[in-house]
Amino acid sequence: MLNSDSLDLLFRNARTHNVWLERDVDVDLLKQAWELAVLAPTSANCEPMRITFVKSAEAKERLKPCLAPGNVEKTMTAPVTAIIAHDMEFYEKLPDLFPHADARSWFVGNDAAIQATAFRNGSLQAGYFTMAVRALGLDCGSMSGFDNAKVDAEFFAGTPLKSNFLMNIGYGDGSKLFDRSPRLSFDQARRSFDVSACFGRMTIIDKDTLSKAADRPFRRTVLGFIGGFYRCADADAQNLLNSIS
Ligand SMILES: Cc1cc2nc3c(=O)[nH]c(=O)nc-3n(C[C@H](O)[C@H](O)[C@H](O)COP(=O)(O)O)c2cc1C
């Protein structure tokens with residue numbers, strides 16, 4: 001188990017930084033952060049996240065017109081800006097990454113599954129990457145305030161990559177932080193889970209129906225098993241039922 005200092009580093013003292021110290025980032029640290037983050041789980045080990053590190057003044061100038069005005073200064077002064085993207089052809093690597101099943105076939109021609117899986121797992125990996133960056137003593141500041149289509153055209157034209165969000169990385173100036181915003185308490189979050197997620201937006205599915213969807217990606221959308229029935233989100237249930245009707 002981590003000691004209290006480590007929990008401070010990763011959570012209690014970890015903040016989103018907007019102002020950067022004039023200290024360069026060792027590229028080897030970014031590689032180490034990737035190598036830690038990629039060990040954390042993704043569905044079928046699909047690992048769709050791809051990262052483009054924007055560091056030179058020329059590359060930053062290409063990024064600048066894509067940014068929301070409030071994100072320009074912090075991005076132009078950050079030692080590195082990572083474009084967190086996902087590969088919409090991630091499934092082509094599944095024969096290597098998930099060799100014990102024909103996982104590629106779950107996705108080929110199934111746009112909805114590709115999009116949901118790439119975005120879900122790419123975002124998860126970005127969260128893992130955030131924690132890895134912090135674990136290595138770096139600071140970061142993520143941003144969704146930019147034009148995704150412009151970034152995709154400028155950096156990913158002719159590739160299957162789609163940008164998700166940007167992440168400035170460096171050593172933050174802690175003296176420029178404003179007070180931490182409040183967080184939801186456990187009780188606040190737990191109540192909303194009980195009321196809306198469990199009962200409001202869930203569909204119950206019986207075991208026979210689910211078994212007809214064997215080896216389809218929808219099986220992995222099932223969230224729980226209660227009294228002989230499976231439950232999953234309404235939208236996923238609809239996909240599942242469409243797939244076997
Ligand atoms: C995916 C994502 C997108 C964000 N987009 C922006 C942004 O465009 N501009 C900005 O100033 N902050 C942005 N933030 C920063 C959040 O507002 C910040 O992380 C949150 O308020 C928590 O702050 P703290 O980490 O200092 O506690 C973003 C954070 C995340 C994780």
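A residue is near a molecule or strand if its C-beta atom, placed from the backbone, lies within 6 Å of it. By that rule, the residues around the ligand are Arg 15, Thr 16, Gly 70, Asn 71, Ser 142, Met 143, Ser 144, Gly 145, Phe 165, Arg 180 and Ser 181. This is a predicted model: local features need pLDDT of at least 70, side-chain atom pairs count only at pLDDT 80 or more, and totals for chains, interfaces and linings use all residues. Numbering starts from 1 along each chain as its sequence is written.

**Confidence**
- pLDDT is the predictor's confidence in each residue, from 0 to 100.
- The protein has an average pLDDT of 89, and 78% of the residues score at least 70.
- Over residues 193–200, pLDDT stays under 50.
- For residues 193–200 the model has 4 contacts beyond four places in sequence (a contact means C-beta atoms, placed from the backbone, within 7 Å).

**Ligand shell**
- The shell around the ligand holds 7 polar, 2 nonpolar and 2 charged residues.
- Ala, Val, Leu, Ile, Met, Phe, Trp, Tyr, Cys and Pro count as nonpolar; Asp, Glu, Lys and Arg count as charged; the others, Gly among them, count as polar.

- Helices (H or I, at least four residues) and strands (E, at least two) are DSSP runs, numbered from the N terminus.
- One side of β2 carries Val 80, Ala 82, Ile 84 and His 86, all buried.
- Strands pair if DSSP finds at least two bridges between them.
- β1 (residues 49–54) runs antiparallel to β2, joined by 6 bridges.
- Within that pairing, Arg 50 has Ala 85 of β2 as its bridge partner.
- β4 (residues 161–170) is also antiparallel to β2, with 8 bridges.
- Here Thr 81 has Asn 168 of β4 as its bridge partner.

- Asn 45 lies in the loop between α2 (27–37) and β1.
- Its phi is near 55°, a positive value in a residue other than glycine.
- Asn 45 is partly exposed, because 15 other C-beta atoms lie within 10 Å.
- Glu 47 sits in the loop between α2 and β1.
- Glu 47 is not a glycine, yet has a positive phi of about 45°.
- Glu 47 counts as buried, because it has 22 C-beta neighbours inside 10 Å.

Methods. A residue is buried if 20 or more other C-beta atoms lie within 10 Å of its own, exposed if 12 or fewer, and partly exposed in between; C-beta atoms are placed from the backbone. Two residues are in contact if their C-beta atoms, placed from the backbone, lie within 7 Å.
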